[in-house]
Amino acid sequence: MDIVGESIKFMVLGMLVVFTFIYVLVVLMGVQAKIINKFFPEKKQPMVSSASGAAPGEAAEEESRRIAAIIAAVSEFRKN
Amino acid sequence: MKIKHLFFSMLMAFVASTSFLHAQEHASATAQTEQPKSDVYVEKSMTQLASSFYDTTGLKAMISPKEEVANGEGEKMSLFAQSWGRLIMFVIIFFLFYLAIAKGFEPLLLLPIAFGGLLANIPVANMTGDHGMLGIIYNMGIANEFFPLLIFMGVGAMTDFGPLLANPKTALLGGAAQFAIFGSLVGAAALSQYTGLVDFSLQQCSAISIIGGADGPTSIFIASKLAPELMGAIAVAAYSYMALVPVIQPPIMKALTTKEERRIVMKPTRKVHKLEKLIFPLLVIVMTFLVLPDAAPLIGAFVFGNFAKESGVVDRLSNEMQNSLINIVTIFLGLGVGSKLASDKFLVMETLGIMVIGLLAFAAGTAAGVLMAKLMNKFSKEPINPLIGAAGVSAVPMAARVASKVGAEARPGNILLMHAMGPNVAGVIGSAVAAGVLLSIFK
């Protein structure tokens, strides 16, 4: 039996299924995010937007990078 | 009772001489019932005792192996497996101990696995047999694929899908990395068909290829379904490569990206609504039952754990899954898998083949993820650092940490961890889907 040929067929099928599954999941995630944020907006949102609005340009990027670093550090800390 | 009876009849003998005869009859009767025991035991001199004791020792079993000795499953063991094989396994096991203790590579799994291997290689004791400790553990939860599912439940309860939901596109990277599984499937088939060094069936090739998904429980789950005879080698390969993520991945990541690409800064992730996190597990399970019911055990256990966590009302259950339950199961899983490290099972040409294919699979998964991220970076409005593609192999959270570390080397202060967690958790789903596809083929 030509198992190499057979395994190539598996590969085509497998990658197609995996990608389709994940792609549909990506689309659904986008849709649900839109729906949820439209009908159940979170109250904290205005605070975040005003913080980034107050510091324009370079400073805003610096600020957001610092926040990212803090989030990452906290999540890293929690994991240990 | 007997003694009491005897004592009573002896008393009677003293009291009445007429009953003397009766008492003697009785005594001879009890002596007769004890006869079989004394049959087994014949008087031995001290030297005989010593030499018969030596016959039962492991030392004797290893120094002068016998033809007809069987392993736990009742198959005959070769002379090599009984003698030198065990010694070689002890060396391998001590190397695993070294990796776990001194190097800190996945000690939670390598240590119990290696210890299980140590116990499995004890001669005479027959620990891997149906009534041996390891055999009982193996039949209890590994032969029927139960333990890997419990582990998956715990992993689900520990996983935060927030980073993935914040940037759904990164899930595609977790899909690309599954090329590792199918690429190594072809690799294993080619190795078996063209070199003749090993002789793998398609089922065995599929079980081996799951190592590329870098997901221990999934590997064990598939191996016990498709190729239980290769379980030990597959589990050891999967877990040792997962442990070696920080060693294997960075060179591949650096080779495939330019310094400029590694310096890319990604936008901070948006805040994810609590409802999104709650609905996501349901979304995944609905898709599973529509498209791939064969992956339902794996994905079902995974999203159940996650759903319990995100619901926020069953913290007791979710904590149990994340801590005690997963710890208990890890002990059993490790020892049970270790039972397949018996010398007659492990020291075969196939193991070497599995180790090589596993390594290539891992490298291929990393490369596919990075290349996919480069491609997405070309077409995406928001910049994507190709390094996070490497986190598409599902070794959570190690792969994401490695991506973040390599990124921070290129640009200090650039934290990619949260971005890398997206592909990382998508990789878990991706490899479960890939496993489901392989299972559905062999149904």
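**Charged pairs and contacts**

Visitor: Let's start with Glu409(B). What is its relative accessible area?

Guide: Glu409(B) has a relative accessible area of 48%, so it is partly exposed. Buried means under 20%, exposed over 50% and partly exposed in between, with a 1.4 Å probe and protein chains only. Please keep in mind that this is a predicted model: local features need pLDDT of at least 70, side-chain atom pairs count only at pLDDT 80 or more, and totals for chains, interfaces and linings use all residues. Residues are numbered from 1 along each chain as its sequence is written, chains are lettered from A and ligands numbered from 1 in the order in which they are written, and side-chain values use heavy atoms, with hydrogens and water left out.

Visitor: Thanks. Which side chain meets Glu409(B) in a salt bridge?

Guide: That would be Lys254(B), with N to O at 3.1 Å. A salt bridge here is a side-chain nitrogen of Lys or Arg within 4 Å of a carboxyl oxygen of Asp or Glu. Lys254(B) lies in helix 17 (residues 245-256) of chain B and Glu409(B) in helix 24 (residues 398-410), so the pair ties together parts 155 residues apart in sequence. Helices are DSSP runs of H or I, at least four residues, numbered from the N terminus. Lys254(B) is partly exposed too, at 36%.

Visitor: And Lys443(B), what does its side chain meet?

Guide: Asp294(B), also in a salt bridge at 3.1 Å, N to O. Asp294(B) sits in the loop between helix 19 (274-291) and helix 20 (296-311) of chain B, while Lys443(B) is in the segment after helix 25 (417-441), so this pair links parts 149 residues apart in sequence. Asp294(B) counts as buried at 19% relative accessibility, whereas Lys443(B) is exposed at 76%.

Visitor: How many salt bridges turn up over all chains?

Guide: A search of the whole structure finds 10. One within chain A joins Glu6(A) to Lys9(A), the closest N and O atoms being 3.0 Å apart. Both residues lie in helix 1 of chain A, 3 residues apart, about one turn of the helix. Glu6(A) is partly exposed at 26%, and Lys9(A) is exposed at 52%.

Visitor: New topic: how much area do chain A and chain B bury between them?

Guide: About 4,100 Å², 81% of it on carbon and sulfur atoms. Buried area is the accessible area (1.4 Å probe) that two parts lose on being put together, summed over both. Phe10(A), Phe21(A) and Met29(A) supply 17% of what chain A buries against chain B, more than any other three residues.

Visitor: How many residues of each chain are in contact?

Guide: 39 residues of chain A are in contact with 55 of chain B, where contact means heavy atoms within 4.5 Å.

Visitor: One last thing: where is Phe39(A) found?

Guide: Phe39(A) is in helix 1 (residues 3-39) of chain A, and at 57% relative accessibility it counts as exposed.

Note on methods. Helices (H or I, at least four residues) and strands (E, at least two) are DSSP runs, numbered from the N terminus.
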